[in-house]
Amino acid sequence: MEDGVDQAEGASPRRHRIAVLALPGVPPFELGIPTRVFGNAADAEGRPLYDVTVCTADGAPVPSDAGFTVQPAAGPEALAAADTVIVPPTHAMLELGSGGPLPPEVTAAIAGIRPGTRLVSICSGSYVLAAAGLLDGRPATTHWNLAPEFRRAYPKVKVDEDVLFVDDGDVLTSAGVAAGIDLCLHMIRRDHGAAAANRAARMCVVPPWRDGGQAQFIDRPVPEPTVAGTTATRAWALEHLGEPLTLTQLAEHARMSLRSFTRRFRDEVGMTPVQWLTAQRLELAKQLLEITDLPIDVVAHRAGFGSANSLRAHMRTTFGVSPAAYRRAFSPKSPAGSRSRGGRAAQGRLTRSG
C-alpha cells in the first residue's frame with residue numbers, strides 16, 4: 001500500500017489517512033497515542049505527513065475505561081477511506097478473551113476496510129484483529145500478561161510475547177501501552193525515514209527508537225534508588241559509538257566491577273551490554289545510510305563496526321539485507337525511496353528488530 005497522490009497536475013501528495021477505531025472501554029492513553037505521534041510527524045519543511053481521524057464502529061459515542069465518553073469525529077466511513085487503520089485496546093469486550101465473536105457493528109465496520117489497507121493494533125487491540133480472522137497464520141504480539149489467554153483463544157495466531165512490536169508488512173501489532181508509541185514511530189520511520197521519526201519523537205519527548213525485538217521487561221524489578229545504575233554510562237556510550245568500546249571500559253565508566261555492571265545492565269535494559277551496544281550501532285548505521293551519502297566503509301567506522309565487512313555481516317544477520325540494499329530501499333535520494341513497495345517489502349523482513 002502506498003500513500004495516495006492527487007491526480008491533478010502539479011498537486012502536492014495527499015497525506016496518508018489514518019483511522020483510529022475507538023471501541024467501548026478504550027483506555028484514553030492508548031487511544032491518544034496515534035493522534036499524538038502521527039500528528040507530530042512532519043517533513044523537513046514542517047508540512048504534516050498524516051491525517052488522523054478517531055472514529056467508532058457506528059459513529060456513536062463510546063465510553064472509555066476512565067469514566068468519560070469519547071465523542072468520535074467520524075463513523076465507519078473513516079475506516080473505508082483510510083490508508084491505515086489502528087485499533088487500540090478495549091476493556092469492555094470480555095468475550096474476546098475466550099475467542100467470542102465481535103459485536104455485529106464492529107464486524108460490519110471492519111468488513112468495510114479496503115483490501116490493502118495497513119492494519120495495526122496496540123496492546124489488546126490484537127484481540128479485535130484476531131477475532132476478525134485477520135491474524136490467522138501471521139506473527140503477532142500483545143501484552144505479555146495476556147499472551148497465554150490470547151494463545152488459547154486464537155490458536156491460529158503465531159504469538160510472540162517477548163517483543164515490543166511485530167511488523168509483518170501490512171499487519172503490525174504492538175505490546176502494551178508505551179510499545180504503541182514505539183510502533184507508531186517505527187511506522188513513521190518506515191514511511192518517511194529516520195529524520196521524520198526523530199522529529200516526531202522530539203516533539204513527543206520520547207526516545208526515537210526502541211528495537212522491536214527488545215524484551216517487554218516482564219517482571220523486571222526496578223533498581224533500588226540507592227544503587228548505582230548504568231544510565232549515565234549508556235548515555236556516554238551513545239556519544240562514543242564510533243570508538244572501539246569494551247565491556248571493561250563501560251564497567252570502569254560506571255565505577256563497577258565487570259560482574260556487577262553486567263548484572264545491573266541486564267536488570268535495567270533487558271539485554272547484555274554487548275547486545276545493547278550492537279543494537280545502538282546498527283541503529284546509527286541505518287540512520288547514516290538513510291540520510292547521508294557516506295561510503296559504506298565510512299558508515300561502518302562511524303557506527304563503530306570497524307569495517308564494511310563487519311557492518312555487512314551484522315546487518316545481514318539482524319535484518320536480512322546488506323547496507324547497500326538498505327540504502328537503496330530507504331534513502332530518500334534513492335530512486336526506490338522509503339515509500340516504494342520494494343522498500344516496504346524489505347522493511348517487512350525486519351520483524352522483531354523494527
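Start with the largest nonpolar core, which has 34 residues; such a core is a set of buried Ala, Val, Leu, Ile, Met, Phe, Trp, Tyr and Cys residues joined through side-chain atoms within 4.5 Å, buried being under 20% relative accessible area with a 1.4 Å probe, protein chains only. Select L31, V37, F38, Y50, L185 and I188, the ones with the most contacts inside this core. Before going on: this is a predicted model, where local features need pLDDT of at least 70 and side-chain atom pairs count only at pLDDT 80 or more, while totals for chains, interfaces and linings use all residues. Numbering runs from 1 along each chain as its sequence is written, and side-chain values use heavy atoms, without hydrogens or water.

Next, colour by element (helices are DSSP runs of H or I, at least four residues; strands of E, at least two; numbered from the N terminus). β1 (16-21), α1, β2 (50-55), α6 and α7 (194-204) each give two or more residues to this core, and α6 brings the largest share, seven.

Zoom in on I188. Beyond its neighbours within four places in sequence, I188 is in contact (heavy atoms within 4.5 Å) with V37, F38, A41, Y50, G193, A196, A197 and A200.

How values were computed:
Buried means under 20% relative accessible area, exposed over 50%, partly exposed in between (1.4 Å probe, protein chains only).
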